Amino acid sequence: MLSVDDLHLAAGPRELVHGVSFTLTPGEAIGLVGESGSGKTLTCRAILGVPPPGVTVTGGTIALAGEDVSRYTRRQWDRVRGTRVAAVFQDPASYLNPSLTVGRQLDEVLRVKNGLSRRDARARAVELFASMGLHRPEHVHGQYPYELSGGMLQRVLIAIAVSGDPDLLVADEATTALDVTVQAEVLDLIAGLRERRRLSLLLVSHDLAVVAQLCDRVVVLRDGRVVESGPTRQVLDDPADPYTRALVADHREYGLDRLVTR
Ligand SMILES: Nc1ncnc2c1ncn2[C@@H]1O[C@H](COP(=O)(O)OP(=O)(O)OP(=O)(O)O)[C@@H](O)[C@H]1O
């Protein structure tokens, strides 16, 4: 599904990611963890073909379903993004146009990406909103982003992300800004989608409890390198690397114990 092999990323002469490797099989969920600045977001953005301005892939490969996309042109990415890989990020409002209804924005994606007629796109959008757990989906369809709560906006963004039926969903701190109850609901939604759609999931979170709840395996990054990876239980219950041990120790007080024993 996804194979990242010896990935190097650099901003000019400064290398930021120094040979990261991991693989993700169909339907599997991997958590990318590590302290701030360890390279989680850069790695995800490279996988999505949207590295920050000035950052380039200087070595290694990123294979999506066996095809190396690491040097894809923008046009090649347009074909892949949304249909093979899609993403949700921390601040959903910033990914939506404030002057268009959320329904219209999903309709637009369905028309362009899936070639649906105006009427079919609207029907499909309402259906998608309903399957994201949005109540009164018809009504939500006609609402503007400012009328919706953070949790609802994230559900809208997830609907847009899965509308092209991708194989891989990248969720980078997607629930971080939400309050605890809403966070739990959105995590349930993502877990359900993964199961129903056989989505592979690459989840970035600073919250190990979230990773423990959702992920089969964990990859621990430090300063742009993988320090440890393995099954979630093994890495979080019995970390081999001192850095992972420190990360886990920091989280003990936040209820990791409770969540890791699923
Ligand atoms: N556009 C950029 N130009 C130069 N350096 C950058 C750029 N973006 C990120 N970096 C640097 O790359 C390193 C990794 O950043 P990255 O955003 O991937 O970390 P992260 O693990 O996602 O951290 P956080 O949890 O804070 O988001 C950091 O040292 C950061 O300062």
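Which residues in H3 meet which residues in H4?

Mentor: Happy to, and let us keep in mind that the model is predicted. On the H3 side, the residues are Gly 103, Leu 106, Asp 107, Leu 110 and Arg 111. Across from them, H4 brings Arg 118, Ala 121, Arg 122, Arg 124, Ala 125 and Leu 128. Sorted by class, this contact of H3 with H4 holds five nonpolar, one polar and five charged residues.

Now for the geometry. In general, a pair of packed helices is described by the angle between the axes and the distance between them. H3 covers residues 102-114 and H4 covers residues 118-131; they pack at an angle of about 120°, and their axes are 8 Å apart. Angles of 65 to 115 degrees count as roughly perpendicular and those over 145 as roughly antiparallel, so H3 and H4 are oblique to each other. Their crossing is right-handed.

H3 has another partner to look at, helix H6 (residues 150-162). Here the packing angle is about 10°, and the axes lie 9 Å apart. With angles under 35 degrees counted as roughly parallel, H3 and H6 are therefore roughly parallel to each other. In this contact, Val 102, Gln 105, Leu 106 and Val 109 of H3 meet Val 156, Ala 159 and Ile 160 of H6. By class, the contact of H3 with H6 has six nonpolar residues, one polar residue and no charged ones.

Let us step back to the whole chain. The protein is divided into domain 1 (1-84 + 169-262) and domain 2 (91-165). The C-alpha centres of domain 1 and domain 2 are 25 Å apart. Where the two touch, twelve residues of domain 1 are in contact with 13 residues of domain 2. On the domain 1 side, helix H7 (residues 180-197) gives the most, with six residues. That side of domain 1 divides into eight nonpolar, two polar and two charged residues.

Finally, the ligand. It is surrounded by 14 residues, and the closest are Ala 11, Ser 36, Thr 41, Leu 42 and Pro 52. Helix H1 (residues 40-47) gives the most to this shell, with three residues. By class, the shell around the ligand has five nonpolar, eight polar and one charged residue.

Conventions. Residues numbered from 1 in each chain as written. Predicted model: local features only at pLDDT ≥ 70, side-chain atom pairs only at ≥ 80, totals over all residues. Near = placed C-beta within 6 Å. Helix = DSSP H or I, 4+ residues; strand = E, 2+ residues; numbered from the N terminus. Nonpolar A, V, L, I, M, F, W, Y, C, P; charged D, E, K, R; others polar. Axes fitted to C-alpha atoms, helices over the stretch in contact; angles between N-to-C directions. Left-handed = near helix turned anticlockwise from the far one by under 90°. Contact = placed C-beta atoms within 7 Å. Domains from an automatic or database assignment.
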